[in-house]
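Colleague: I should like to go through this structure step by step. May we begin once it is in view?

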Amino acid sequence: MLTYCRTLWTLAVARIFLLCKDKDRGEITTTVIVTALMAVLAIALIAIIAAKLTAKANSIDLGLGG
């Protein structure tokens with residue numbers, strides 16, 4: 001999963017650099033797609049972190065005799 005995220009991140013950064021290098025501002029579609037991919041990646045990472053934190057919190061023994 002981490003390799004997949006790194007690949008997406010590298011692709012997005014490379015595309016952003018290409019957009020910055022090109023002075024033509026007519027490609028709004030590409031910018032929107034890159035931004036949407038970055039948003040999806042951020043949401044996926046937050047979901048993964050939340051799931052891991054919840055699993056860790058549920059595995060803590062509080063010693064309540066349950």
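This is a predicted model: local features need pLDDT of at least 70, side-chain atom pairs count only at pLDDT 80 or more; totals for chains, interfaces and linings use all residues.

Modeller: The buried residues of helix α2 are Thr30, Val34 and Leu41.

Colleague: Against which element do the buried residues of α2 pack?

Modeller: The residues concerned include Val34 and Leu41. The secondary structure of the protein amounts to two helices and zero strands. The buried residues of α2 pack against α1.

Colleague: What is the relative accessible area of Thr30, and is this residue buried or exposed?

Modeller: Thr30 is found in helix α2. A residue counts as buried when its relative accessible area is under 20%. Thr30 is therefore buried, its relative accessible area being 14%.

Colleague: Which residues are in contact with Thr30, leaving aside its neighbours within four places in sequence?

Modeller: Thr30 belongs to α2, and the buried residues of that helix pack against α1. Helix α1 covers residues 2-21. With the sequence neighbours within four places set aside, the contacts of Thr30 are Arg15 and Leu19.

Colleague: How far apart are the end C-alpha atoms of α1?

Modeller: Helix α1 has 20 residues. At 1.5 Å a residue, α1 should therefore span 28 Å, and the distance between its end C-alpha atoms agrees: 28 Å.

Colleague: Within what arc do the buried residues of α1 fall?

Modeller: The buried residues of α1 are Cys5, Ala12 and Leu19. Seen down the helix axis, they line one face, because they fall within an arc of 55°.

Colleague: Which residues are exposed on the other side of α1?

Modeller: The buried residues of α1 line one face of the helix, and what covers them includes α2. Exposed on the other side of α1 are Leu2, Thr3, Arg6, Thr10, Leu11, Phe17 and Lys21.

Colleague: How long is α2 from its first C-alpha to its last?

Modeller: Helix α2 has 32 residues, and 46 Å is expected at 1.5 Å a residue. Its reach from first C-alpha to last is close to that value, at 47 Å.

Colleague: Which elements give two or more residues to the lining of the largest cavity?

Modeller: A search of the whole structure finds one cavity of 30 Å³ or more, and the largest cavity holds about 40 Å³ of space. Its lining consists of Leu8, Trp9, Ala12, Leu37, Met38 and Leu41. The elements that give two or more residues to this lining are α1 and α2.

Conventions:
Residues are numbered from 1 along each chain as its sequence is written. Side-chain values use heavy atoms; hydrogens and water are left out. Helices (H or I, at least four residues) and strands (E, at least two) are DSSP runs, numbered from the N terminus. The expected span of a helix is 1.5 Å times one less than its number of residues. Buried means under 20% relative accessible area, exposed over 50%, partly exposed in between (1.4 Å probe, protein chains only). The arc is that of the directions from the helix axis to the C-beta atoms. Contact means heavy atoms within 4.5 Å. On a 1 Å grid over the protein atoms alone, a cavity is a set of points where a 1.4 Å probe fits but cannot get out, and a pocket is an open set with protein on both sides within 12 Å along at least five of seven lines; lining residues have an atom within 4 Å of a point. Grid points are joined across faces, edges and corners, and a volume is the space filled by probe spheres set on the points.
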